[in-house]
Amino acid sequence: MMPGVAAAAAPAGETPYLWVSVGNNGGLATSTSATAPSWTSQTSGFGTSDIAWVSSNGQGFFVAVAASGKLGTSPDGTTWTQRTSSFGTSDINTVAFGNGYWVAGGNNGKLATSTDGVTWTQRTTGLTGSISASFGNGLWVAMDGTNIRTATDPTGSWTSRTSALLYPSHAYYSSLGSIWVSGYALSTLTSVQSSTDGTTWTGRNLPNTTGSLIGFTQFISNSSIIVCWYYTSGNVMDIATSTNGTTWTDRTPAATALAGPRPGVDDTGFMVIPGVANNLQTSSNGTTWTGRTGPTFTQTAICHSKVA
């Protein structure tokens with residue numbers, strides 16, 4: 001969904017790429033390189049609302065979602081327009097693009113779809129909690145911290161699936177082995193779950209060497225490794241990696257402070273985990289992480305795309 005390279009501005013005649021980072025108090029910034037300490041603040045149009053998520057269709061069109069039902073779009077990552085989300089004042093937590101559809105998930109069991117990112121329609125999934133939705137290999141997977149639903153067409157019916165976790169949240173599809181993974185929203189258990197088809201899930205254990213509390217588990221991957229980052233006791237960040245979604249190895253993060261829940265990757269496999277103000281961390285292999293200068297606000301999500 002977020003193709004590109006981690007290089008600086010593209011030479012003349014080459015397609016430019018852009019990182020877009022969002023966060024607290026309507027923060028939104030862009031950069032042509034996640035390794036260079038140069039982030040440009042943009043006017044997001046979200047006011048002081050915390051922006052929860054940003055995604056791209058891979059062709060330079062971006063959608064960002066926020067608290068109080070706010071949703072904005074951009075054709076280039078820099079100029080943003082607020083849209084009517086259909087969520088009313090309910091917080092919107094995630095947004096994803098796949099197979100020609102945008103899907104946004106929010107509180108109170110609300111989920112909406114759009115074909116253009118501008119006009120949104122509420123759909124019925126049977127979920128009642130805080131929904132996150134993801135797409136991969138022709139399948140949409142939605143979770144609300146209690147239950148799982150899947151659909152091949154997000155505008156149609158959603159099918160209930162059995163979770164191997166007590167609190168399933170934030171499914172992620174990795175093209176490495178065509179594996180689905182997801183984790184806990186909050187739990188004292190140190191587990192994630194994996195699936196080869198998005199419908200049948202098996203519980204797995206993280207190494208979890210730094211504490212007992214798992215929170216806000218998120219994933220990112222490239223063609224050779226899957227990375228899971230999560231919180232342990234005391235809101236300390238830890239990282240684990242896997243090549244199959246089954247067996248996980250503990251890694252050392254560049255920073256252990258609170259970090260944003262949505263990492264990003266470009267199509268060279270360069271990965272970025274957003275963090276607190278002025279900080280983020282990057283890796284080209286998923287095992288060794290380097291601290292970098294990030295935007296001036298506490299970040300919640302980052303994505304990457306080519307732009308026109």
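This is a predicted model: local features need pLDDT of at least 70, side-chain atom pairs count only at pLDDT 80 or more; totals for chains, interfaces and linings use all residues.
**Nonpolar cores**

The largest nonpolar core has 23 residues, and the members that touch the most others are Leu206, Phe219, Val227, Cys228, Ile239, Trp248 and Met271. At least two residues of this core come from each of strand 17 (179–184), strand 21 (214–221), strand 22 (226–232), strand 23 (236–242) and strand 26 (271–274). Strand 22 gives the largest share, six residues. In soluble globular proteins, nonpolar side chains tend to be buried together.

Beyond its neighbours within four places in sequence, valine 227 is in contact with Gln218, Phe219, Ile220, Ile239, Ala240, Thr241, Trp248, Met271, Gly286 and Trp289.

Four strands form an open sheet in the order 16-17-19-20, and their pairing is antiparallel. Strand 16 (168–174) and strand 20 (202–205) each have a single partner strand, so one side of each lacks a neighbour in the sheet. On average, neighbouring strands of this sheet are turned by 30° against each other, with direction ignored. Strand 17 and strand 19 (residues 191–195) run antiparallel and are joined by four bridges. Valine 181 has serine 194 of strand 19 as its bridge partner.

**Aromatic pairs**

A pair of aromatic rings is described by the distance of the centres and the angle of the planes. The model has seven aromatic pairs. An angle over 60 degrees would count as edge-to-face and one under 30 degrees as stacked. Elsewhere, Phe61, Phe97 and Trp102 make up one aromatic cluster.

**Burial of selected residues**

| Residue | Relative accessible area | Class |
|---|---|---|
| Tyrosine 173 | 18% | buried |
| Tryptophan 180 | 2% | buried |
| Glycine 26 | 9% | buried |

**Glycine 26**

Glycine 26 sits in the loop between strand 1 (17–23) and strand 2 (28–31). With neighbours within four places in sequence set aside, glycine 26 is in contact with Ser44, Phe46, Gly47, Thr48, Ser49, Asp50 and Ile51. The C-alpha atoms of glycine 26 and glutamine 42 are 9.8 Å apart in space, and the two residues are 16 residues apart in sequence.

Conventions: Residues are numbered from 1 along each chain as its sequence is written. Side-chain values use heavy atoms; hydrogens and water are left out. Rings of Phe, Tyr and Trp (its six-membered ring) pair if their centres lie within 6.5 Å; planes under 30 degrees apart count as stacked, over 60 as edge-to-face and the rest as tilted. Buried means under 20% relative accessible area, exposed over 50%, partly exposed in between (1.4 Å probe, protein chains only). Contact means heavy atoms within 4.5 Å. A nonpolar core is a set of buried Ala, Val, Leu, Ile, Met, Phe, Trp, Tyr and Cys residues joined through side-chain atoms within 4.5 Å. Two strands pair if DSSP finds at least two bridges between them. Axes are lines fitted to C-alpha atoms, for helices over the stretch in contact, and angles run from 0 to 180 degrees between N-to-C directions.
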